[in-house]
Amino acid sequence: MGIRKSKAKSKKLSSINRGRPPLAKEQATNLSSKATRTLIRSHHNLQKAQKQALKDGEDARARDLEAEIVAKGGLMKYQLASRQGQCAERGGDSSRVLVKWLKPVFEKTQGNAQRLRLLEIGALSTKNACSGISCLDVKRIDLKSREPGIKEVDFMDMAVPEDGNKFHIISLSLVLNYVPDPASRGAMIARIPTFLEHSKAEQIIPALFLVLPLACVANSRYLTEERLSRIMRAVGFQLSRQKTTSKLYYSLWTFNATSMSRGHYEFKKEELRSGASRNNFAITMSSKNRD
Ligand SMILES: C[S@@+](CC[C@H](N)C(=O)[O-])C[C@H]1O[C@@H](n2cnc3c(N)ncnc32)[C@H](O)[C@@H]1O
């Protein structure tokens with residue numbers, strides 16, 4: 001498995017924020033795309049700093065950072081920027097890749113009594129490529145709902161569905177890089193399997209559709225594709241599909257409970273690539289935190 005980079009691109013992978021879809025001018029705001037990139041980067045950095053301040057018990061600093069986040073437009077403004085990136089003319093809407101990869105499954109399911117359940121975590125709109133698939137029941141959630149069809153809930157607090165109501169597909173597109181610290185990212189990945197149906201042999205689903213800015217896996221000091229695969233394997237996922245564009249890393253991970261690691265594992269924040277131009281995106285996970 002290797003990252004296939006398109007030619008013209010790989011120049012500037014150092015910043016994770018470059019991996020975010022670009023912004024559509026017509027919907028925005030009068031911000032230039034440079035100003036918008038700055039806004040996204042600043043939202044991420046403030047969020048990380050606030051999380052760190054809370055961890056260090058610096059409550060006053062955490063409050064100041066929270067106020068700064070709000071003053072800069074908070075999650076709503078960040079979502080607006082991300083949503084603009086989903087415009088078709090900007091090559092956005094990552095769910096088109098999901099639909100393409102799972103087309104054979106959808107065609108097979110068409111007309112069946114049993115529909116497929118999809119959970120979209122971090123949904124900015126009720127209209128994307130998935131909403132056009134008739135055999136899909138899509139449940140959308142986000143920390144901040146922008147439409148009635150999106151339930152406002154933190155995935156980490158969402159009740160685990162009963163057997164028979166679990167999901168066949170979960171979409172986690174450009175969400176993990178929003179989560180501010182490595183351990184919380186690991187915890188999010190580790191929670192996904194509890195929401196998935198059990199697999200039948202030879203099937204590509206149940207599966208997780210994971211999209212990240214390419215820089216998170218291609219230019220991080222602490223995360224490589226190999227490390228990501230090892231983390232995913234520990235919680236029962238095998239890579240089924242993968243593609244990269246100049247900015248994004250798309251992947252589909254099939255879940256099989258029987259291949260979940262029963263032994264000890266520990267993925268720490270450790271340097272896997274050196275170089276001054278690397279970013280610090282990391283995912284940590286330990287079997288000690290296993291339920
Ligand atoms: C960049 S947007 C993702 C947009 C969309 N999925 C896409 O691919 O373009 C990230 C979204 O993830 C949401 N998010 C982050 N952590 C979450 C969580 N724990 N539960 C639900 N939503 C979350 C944020 O509120 C934000 O709206």
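**Close-up views of a predicted model**

**View 1. Charged groups over aromatic rings.** Arginine 191 is placed over the face of phenylalanine 155, 5.6 Å from the ring centre. Here a charge sits over a ring if NZ of Lys or CZ of Arg is within 6 Å of the ring centre and within 35 degrees of the ring normal. The charged end of lysine 243 likewise sits over a ring, that of tyrosine 250, at 5.5 Å from its centre. The model is predicted: local features need pLDDT of at least 70 and side-chain atom pairs count only at pLDDT 80 or more, while totals for chains, interfaces and linings use all residues. Residues are numbered from 1 along each chain as its sequence is written, and side-chain values use heavy atoms, with hydrogens and water left out.

**View 2. The aromatic cluster.** Tyr250 also belongs to a cluster in which ring pairs link it with Trp101 and Phe209. Rings of Phe, Tyr and Trp (its six-membered ring) pair if their centres lie within 6.5 Å. By this rule there are six aromatic pairs.

View 3. Seven strands, in the order E3-E2-E1-E4-E5-E7-E6, form an open sheet with mixed pairing. Strands E3 (150–152) and E6 (237–244) stand at the edges with a single partner strand each, so one side of each has no neighbour in the sheet. Neighbouring strands are turned by 20° against each other on average, direction ignored, the axes being lines fitted to C-alpha atoms. Strands (E, at least two residues) and helices (H or I, at least four) are DSSP runs numbered from the N terminus; two strands pair if DSSP finds at least two bridges between them. E6 and strand E7 (residues 248–255) run antiparallel and are joined by seven bridges. Tyrosine 249 in E7 is the bridge partner of threonine 244.

**View 4. Two loops with backbone features.** The peptide bond from isoleucine 205 to proline 206 is cis, with omega near 5°. Proline 206 lies in the loop between helix H6 (182–191) and strand E5 (207–213). Leucine 174, in the loop between strand E4 (169–173) and H6, has a positive phi of about 60° although it is not a glycine.

**View 5. The second largest cavity.** This cavity has a volume of about 30 Å³. A cavity is a set of points on a 1 Å grid over the protein atoms alone where a 1.4 Å probe fits but cannot get out; lining residues have an atom within 4 Å of a point. The lining includes Leu39, His43, Lys72 and Tyr78. Helix H1 (33–55) gives the most to this lining, with four residues.

Note on methods:
On a 1 Å grid over the protein atoms alone, a cavity is a set of points where a 1.4 Å probe fits but cannot get out, and a pocket is an open set with protein on both sides within 12 Å along at least five of seven lines; lining residues have an atom within 4 Å of a point. Grid points are joined across faces, edges and corners, and a volume is the space filled by probe spheres set on the points. Rings of Phe, Tyr and Trp (its six-membered ring) pair if their centres lie within 6.5 Å; planes under 30 degrees apart count as stacked, over 60 as edge-to-face and the rest as tilted. Axes are lines fitted to C-alpha atoms, for helices over the stretch in contact, and angles run from 0 to 180 degrees between N-to-C directions.
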